[in-house]
2 protein chains.
Amino acid sequence: MTEESIIKELTLQCRKAPLQNGIGDDCALIADQQVVSTDTMVEGVHFDDRLSAEDVGWKIVAVNASDIAAMGRAPNWATLNISVSESIKPEWIASFARGMRMALSTWSIVLVGGDVVRTNGPIIISMTMGGIGRTKPIWRSGAEIGNGVFVTGNLGEAAAGFFEKNNEEGLRRLRRPRPPIEMIVNLGSIGIPTAMMDLSDGLHKDLLRLCEASDVGAYIDADVIHKGPAIANIKDPLAYQTSFGEDYEFLFTANPDMEQLIRQVARRYRVRVTQIGKVISTPKEGPRAYLRGMDWPKSLFQHFSK
Amino acid sequence: MTEESIIKELTLQCRKAPLQNGIGDDCALIADQQVVSTDTMVEGVHFDDRLSAEDVGWKIVAVNASDIAAMGRAPNWATLNISVSESIKPEWIASFARGMRMALSTWSIVLVGGDVVRTNGPIIISMTMGGIGRTKPIWRSGAEIGNGVFVTGNLGEAAAGFFEKNNEEGLRRLRRPRPPIEMIVNLGSIGIPTAMMDLSDGLHKDLLRLCEASDVGAYIDADVIHKGPAIANIKDPLAYQTSFGEDYEFLFTANPDMEQLIRQVARRYRVRVTQIGKVISTPKEGPRAYLRGMDWPKSLFQHFSK
């Protein structure tokens, strides 16, 4: 059974909930300006020996916090569900806990509860996280024709760490994603992004989702996508930058008049923000994202176990 | 590694949070009058072929809603994390979803999000649930000397379903726990219980936890504990009633003057409430719960797989 068909079955009744209050965005709204998000990491699927236990602890927090921030909220609480075998080593747990605590404290998130269960299968870690904010949440569906398309940070570095031998900078990005949460929450709090999401599945897939939710098209200029240190020496890094994922940077659209203000906020937090394209009206063939003058590279996505 | 040592390691830093705002009660407080709770069910550990997929879907909602109601809150949103193998049957998912939806709609809870992942291990289902209320939450720590000790419903029936052959009523209780959530939320909203929790591990263990949190003792009169239909023909059902769990009924303490009012609310919701004992001052040997004139039966707790 595919994940899509399982999700469809499980959410059969939930479709009656307004799109913006349920399944389909980075988070769901649960109360006045509060959002919740959840993510699972499975040993052998979402991590293997390339990630230490400490990396896994860091990453489960980072990926959830990234979803919360993508709504313009500040993450503030989390619960943890962890399934491990009887023979789990105390060192693994201690190291996982250390990585998790480092990330929780980096973004001022309190672990409020959880559940530990036994399994004879792989280690499975689920984290559910909540976030708050005073302004209205930023959904994927708000992109307007004429908006600029912006991304934070350097795309494709985690992919380089995954595929290239001895690419230390890339591996560091794969193991310890560091989404610029404070900067994005600040940008959200002053109402700059019209639509936003985090980049977990790669620019191509994620931008298409944003276009679909907003019912628009997008034109992207591949040359403008910044090449960070991990891919500086790679001949044709476009596939890494657009078609793998694990970036945990942010994709957002905003009125082009706001560019000055965006640069100002970005500078204050020392975060790179690049305008990589713009929002266009819905193409005849439906919401689409185009690369100017070329096709998108084919998807590089693979689970760790492959 | 034991669950206790894993939890200790994971919550190392969380101890600084006030007890009432973190790990150790049924739920954690996340904002003004809002609570969150999480629970995991593992195939072979928390369920086996005795539970249909529909039962599992019902039960994951019921056990979480029970935790929320035990704080005097009404459950209102949930997220679901489910780990299944590639070869999961569509019928299993459809049946699980049906059971989950029936329970969600019974208690007016909205599924707001979730995550489906692949595993080659057993099915693992985690649900995180939130609840709201206008009055202050009811913790385990508020029991006062002289309070009555009350329980809802019939204890020990799930145990009878687990251990006895062909005990259909018991099996029904094991498969479809139906905690009297509306009645307990109502009782909580008018501030009756001084301390409360749900009965998931059996009266003996759970009452001891309440006594420890409140730093009190308790005397229980075994004869008064009601014998429901599933244990009516069993000679000595005390071990089932006190030392197994899976009851998902509520245990609470209240001022004895409130008994009339409690009976009135209980009658309105057609829920059995029984005063089974009273709160006494902390015994010399520390917080303890005693059975009047006898010892507690030894623990019957076993996972499904044993």
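Mentor: Terms first. Helices (H or I, at least four residues) and strands (E, at least two) are DSSP runs, numbered from the N terminus. This is a predicted model, where local features need pLDDT of at least 70, side-chain atom pairs count only at pLDDT 80 or more, and totals for chains, interfaces and linings use all residues. Residues are numbered from 1 along each chain as its sequence is written, chains are lettered from A and ligands numbered from 1 in the order in which they are written, and side-chain values use heavy atoms, with hydrogens and water left out.

Trainee: OK. How are the two copies related?
Mentor: Chain A can be laid on chain B by a turn of 180 degrees and a shift of 0.0 Å along the axis, with an RMSD of 0.0 Å. The two copies are thus related as by a two-fold rotation axis. The superposition is by least squares on the C-alpha atoms of residues with pLDDT of at least 70 in both.

Trainee: Which residue of chain A comes closest to the rotation axis?
Mentor: Gly121(A), with its C-alpha at 2.0 Å.

Trainee: And through what surface do the copies meet?
Mentor: The same surface, because 100% of the interface residues of chain A are also interface residues in chain B. Contact here means heavy atoms within 4.5 Å.

Trainee: Switching to holes. How many cavities of 30 Å³ or more?
Mentor: The count comes to 1. The rule works on a 1 Å grid over the protein atoms alone: a cavity is a set of points where a 1.4 Å probe fits but cannot get out, and lining residues have an atom within 4 Å of a point. Grid points are joined across faces, edges and corners, and a volume is the space filled by probe spheres set on the points. The largest cavity has a volume of about 40 Å³.

Trainee: What lines the largest cavity?
Mentor: From chain A, Thr40(A), Asn81(A), Ser83(A), Ile124(A) and Ser126(A). From chain B, Asn81(B), Ser83(B), Ile124(B) and Ser126(B). β3 (74-84) and β5 (124-132) of chain A, and β3 (74-84) and β5 (124-132) of chain B, each supply at least two residues of that lining.

Trainee: How does the lining divide into nonpolar, polar and charged?
Mentor: 2 nonpolar, 7 polar and no charged. Ala, Val, Leu, Ile, Met, Phe, Trp, Tyr, Cys and Pro count as nonpolar, Asp, Glu, Lys and Arg as charged, and the others, Gly among them, as polar.

Trainee: New topic: α9(A). Which residues there are buried?
Mentor: Ile262(A), Val265(A) and Ala266(A), in helix α9 (residues 259-268) of chain A. They cover an arc of only 100 degrees around the axis, which puts them on the same side of α9(A). The arc is that of the directions from the helix axis to the C-beta atoms. Buried means under 20% relative accessible area, exposed over 50%, partly exposed in between (1.4 Å probe, protein chains only).

Trainee: What about the other side of α9(A)?
Mentor: There, Gln260(A), Arg267(A) and Arg268(A) are exposed.

Trainee: What covers the buried residues of α9(A)?
Mentor: The cover includes β6 (148-152), α6 (181-189), β9 (249-254) and β10 (273-280) of chain A. After α9(A) comes Arg270(A), with a positive phi near 55 degrees.

Trainee: Where does Asp215(A) sit?
Mentor: In the loop between α7 (203-214) and β8 (217-220) of chain A. Asp215(A) counts as partly exposed, at 46% relative accessibility. Asp215(B) is in the loop between α7 (203-214) and β8 (217-220) of chain B, and Asp215(B) is partly exposed at 47%.

Trainee: Glu54(A): buried or exposed?
Mentor: Buried, with a relative accessible area of 16%. Glu54(A) is in helix α2 (residues 53-69) of chain A. Not counting residues up to four places away in sequence, Glu54(A) touches Ser95(A), Phe96(A), Arg98(A), Gly99(A), Met102(A) and Arg176(A).

Trainee: And what does Asn154(A) touch?
Mentor: Arg173(A), His226(A), Gly228(A), Pro229(A), Glu249(A) and Arg272(A), leaving out residues up to four places away in sequence. Asn154(A) is buried at 12% relative accessible area. Asn154(A) and Glu249(A) are 95 residues apart in sequence and 7.8 Å apart in space, C-alpha to C-alpha.

Technical notes:
On a 1 Å grid over the protein atoms alone, a cavity is a set of points where a 1.4 Å probe fits but cannot get out, and a pocket is an open set with protein on both sides within 12 Å along at least five of seven lines; lining residues have an atom within 4 Å of a point.
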